[in-house]
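New notebook page. I want to work through this structure piece by piece and jot down what I find.

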Amino acid sequence: MEDSRIGLPIGTALDRFIKRFQDDFPYATGELSQLLRDIALAGKVVNREVNKAGLVNLSGSIGADNVQGEDQQKLDVLANIRFIRALTKGGEACAIISEEDEHVIDLHNKGKYIIAIDPLDGSSNIDVNVSIGTIFSIYRRLSPVGSPVTSEDVLQPGINQVAAGYLLYGSSTILVYTTGKGVNGFTYEPTLGEYFLSHQDLIIPEEGRIYSINEAASLNFSDALIQYLNYCRENNHTARYIGSLVADFHRNLLKGGIYIYPGTPTYPDGKLRLMYECNALAFVVEQAGGKASTGNSRVMEIVPQEMHQRCPLFIGSKAMVAKAESLH
Ligand code: AHM
Ligand code: MG
């Protein structure tokens, strides 16, 4: 069995992997490791809820809108509760930004870390048994520990992330994350209740054939984007669009491809949220050798003005994103 760059083989339990990574940092106190464990644990709980949703009346809408004006699903709300509870308990996080909460959740404690999270992404796919996911970013706070959390702590650019990743609740459940030393994926084994290293040192193919975009919106696409999509069609590419960002991203990460959610004249910043959707996947893709762009500039360099800010996204194989960018 081949060893990963970190020196652990396929099948290594997540906990052992996290511990090994922590040992690489002589002064690490284990808080980041604990946060990753907390996210993994909440992921197990959400995985269980997602799997039984059709049986226990967890499908469907709760009949209210979230801060984005979007219809909240029961599982959106439940996943939000599960993750916030898990991130609050350990005391490592001092604040949480969630897609489901209008304001920053200030935990008023001595935690060092800020978490931005989309607890359940692609929620329009819940009721139809299509893959959905959780996306998370972790930042170190800038102001002194113990003082009130400031807007500078919260509104940090993606380049400041110390860890980021996602859980994909799909045909199997997988946790993929980076701490800035490559990307690794851990498949969940439900009968053992444990994640095991299954995808080590993930590298996205530099060139790919898959393009993922909601083409129904093409009447509002820029000339540059229409030109890029024509280029894809003329060059033997293939279209795949699930409508769950995590699932579309994960497929393209493994196979090579580009995911695009553009700005349009009506919605110049597109639909996706910078702080808990775009930045996390941008960190993962860059660590895997890929690229994440707004069409003009690097996603991770944007300094957020507000926590629910949106951002156009071109993400995936480096050559494909560069080609799309070159036409803009
Ligand atoms: P959500 O956070 O409300 O689930 O919205 C984000 C989702 C992404 O997962 C997906 O890629 C996109 O919205 C699909 O949007 P559209 O239906 O406009 O193509
Ligand atoms: Mg979302």
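**The sheet**

I began with the strands and found eight of them in an open sheet, ordered β4-β3-β5-β6-β7-β8-β9-β10, with mixed pairing. For the record, helices (H or I, at least four residues) and strands (E, at least two) are DSSP runs, numbered from the N terminus, and two strands pair if DSSP finds at least two bridges between them. Strands of a sheet pair through backbone hydrogen bonds, either parallel or antiparallel.

At the edges I see β4 (105–106) and β10 (194–199); each has a single partner strand, so one side of each has no neighbour in the sheet.

I then picked one pair to follow: β8 (residues 173–178) and β9 (residues 183–189) are antiparallel, with five bridges. Ile-174 has Thr-187 in β9 as its bridge partner.

Two helices pack on this sheet. Helix α7 (residues 274–287) touches β3, β5, β6, β7, β8 and β9, and its direction makes about 100 degrees with that of β7. Helix α3 (residues 74–89) touches β3 (93–98), β4, β5 (113–121), β6 (132–140) and β7 (161–169), at about 155 degrees to the direction of β5. Contact here is heavy atoms within 4.5 Å; the axes are lines fitted to C-alpha atoms, for helices over the stretch in contact, with angles from 0 to 180 degrees between N-to-C directions.

**Ground rules**

The model is predicted, so I noted its limits: local features need pLDDT of at least 70 and side-chain atom pairs count only at pLDDT 80 or more, while totals for chains, interfaces and linings use all residues. Residues are numbered from 1 along each chain as its sequence is written, chains are lettered from A and ligands numbered from 1 in the order in which they are written, and side-chain values use heavy atoms, with hydrogens and water left out.

**The magnesium site**

Which residues coordinate the magnesium ion (ligand 2)? I found Glu-99 (OE), Asp-118 (OD), Asp-121 (OD) and Glu-277 (OE), at 1.9 to 2.6 Å. Donors are N, O and S atoms within 2.8 Å of the metal (3.2 Å for Na, K and Ca); water is not among the atoms, so sites may look incomplete. Along the sequence, the donor spacing reads E-x18-D-x2-D-x155-E.

**Cores**

The largest nonpolar core has 43 residues, and Ile-138 and Tyr-177 touch the most other members. Helix α2 (residues 31–52) gives the most to this core, eight residues. Such a core is a set of buried Ala, Val, Leu, Ile, Met, Phe, Trp, Tyr and Cys residues joined through side-chain atoms within 4.5 Å.

Another core, of 31 residues, lies apart and includes Leu-202 and Leu-274.

Where does His-250 sit? It is in helix α6 (residues 245–255), and it is buried at 9%. Beyond residues up to four places away, His-250 touches Tyr-166, Leu-168, Ile-174 and Val-176. Nine of the 11 residues of α6 are buried, so the helix is largely enclosed by the rest of the structure. Just after α6, Gly-256 has a positive phi of about 95 degrees.

Strand β13 (257–261) is also largely enclosed, because four of its five residues are buried. It runs parallel to β11 (residues 210–212) over three bridges and antiparallel to β15 (residues 313–316) over four. Tyr-259 is opposite Ser-212 and has Ile-315 in β15 as a bridge partner.

Pro-262 is in the loop between β13 and α7 and is buried at 8%. Its contacts outside four places in sequence are Ile-213, Phe-221, Leu-225, Gly-270 and Pro-312.

**Cysteines**

How many disulfides are there? I get zero, taking a disulfide as a pair of cysteine sulfur atoms within 2.5 Å. For Cys-311, the nearest cysteine sulfur is that of Cys-278, 4.3 Å away. Cys-311 is buried at 1%, and Cys-94 is buried at 0%.

Notes. Buried means under 20% relative accessible area, exposed over 50%, partly exposed in between (1.4 Å probe, protein chains only).
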